[in-house]
Amino acid sequence: MPSFEHLSELLDPVGTVLLTVECQQGVVGPDSALPELAQEARSSGALDRIARLVAAAHESGVQVIHAVAERRPDGRGANHNARLFRAAERLPVRQTTGTTAVRVAPPVEVAEQDLVVRRLHGLSPISGTDVDPLLRNLGCRTLVVTGVSANIAVPNAVFDAVNRGYTVVVPADAIAGVPSEYTPAIVRNTLALVATITTTDDVLACFARRRT
């Protein structure tokens, strides 16, 4: 874990953006297409911690971007080249544009100043989306990555951000995946090699310090 002073330097609000990954009703909500993942995100407390981070970001002037995965009703432009995509087509809940499934899920709140970026293809919240140019226009240097899943989308976001030159901070208790033991394993063996690993409380303390 980084020292508080080092983390506080990384999380200067002027150059920090908080990214939530697929915190949408069709993924982590009560009517999720992926009930096991939704249950883990909620029972672990990860979703509540993400909501606290978002609220604190709003108060401290840190920009928030919500990355949402969706597909057109006709599926045009969506991927079909992996088992995951083919399985998603058979799920009872679809992440279809304009439906409640692609709305950011409570208790996470979307403020007027937040940016919501929607993607119609792929696995990454960053590659092939508007997130990277938005980050550059915002003057982002440090990207705080939260959300689901620790299996696929979160690692994609971390790798893509690092490859594009951003410093990445991951509050390890504000991400979730399945099974539950997989998340600490990927944090320890993979994400810790490329990102600064910390906790929600430490990020909140840094945001609070910047407000005083």
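Tutor: Let us begin with a term: contact means heavy atoms within 4.5 Å. Helices (H or I, at least four residues) and strands (E, at least two) are DSSP runs, numbered from the N terminus. This is a predicted model, in which local features need pLDDT of at least 70, side-chain atom pairs count only at pLDDT 80 or more, and totals for chains, interfaces and linings use all residues. Residues are numbered from 1 along each chain as its sequence is written, and side-chain values use heavy atoms, without hydrogens and water.
Student: Which residues of helix 8 are buried?
Tutor: In helix 8 (residues 182–189), they are Thr183, Ile186 and Val187; buried means under 20% relative accessible area, with a 1.4 Å probe and protein chains only. Seen down the axis of helix 8, these buried residues fall within an arc of 105°, so they line one face of the helix. The arc is taken from the directions from the helix axis to the C-beta atoms.
Student: And what covers them?
Tutor: The cover includes helix 7 (153–163), strand 6 (175–176) and strand 7 (196–198).
Student: New topic: how many residues has the largest nonpolar core?
Tutor: That core has 33 residues, and those with the most contacts inside it include Leu11, Val108 and Phe207. A nonpolar core is a set of buried Ala, Val, Leu, Ile, Met, Phe, Trp, Tyr and Cys residues joined through side-chain atoms within 4.5 Å.
Student: Which helix gives the most to this core?
Tutor: Helix 4 does, with eight residues. A second, separate core of 27 residues includes Val21 and Ile126.

Key. Buried means under 20% relative accessible area, exposed over 50%, partly exposed in between (1.4 Å probe, protein chains only).
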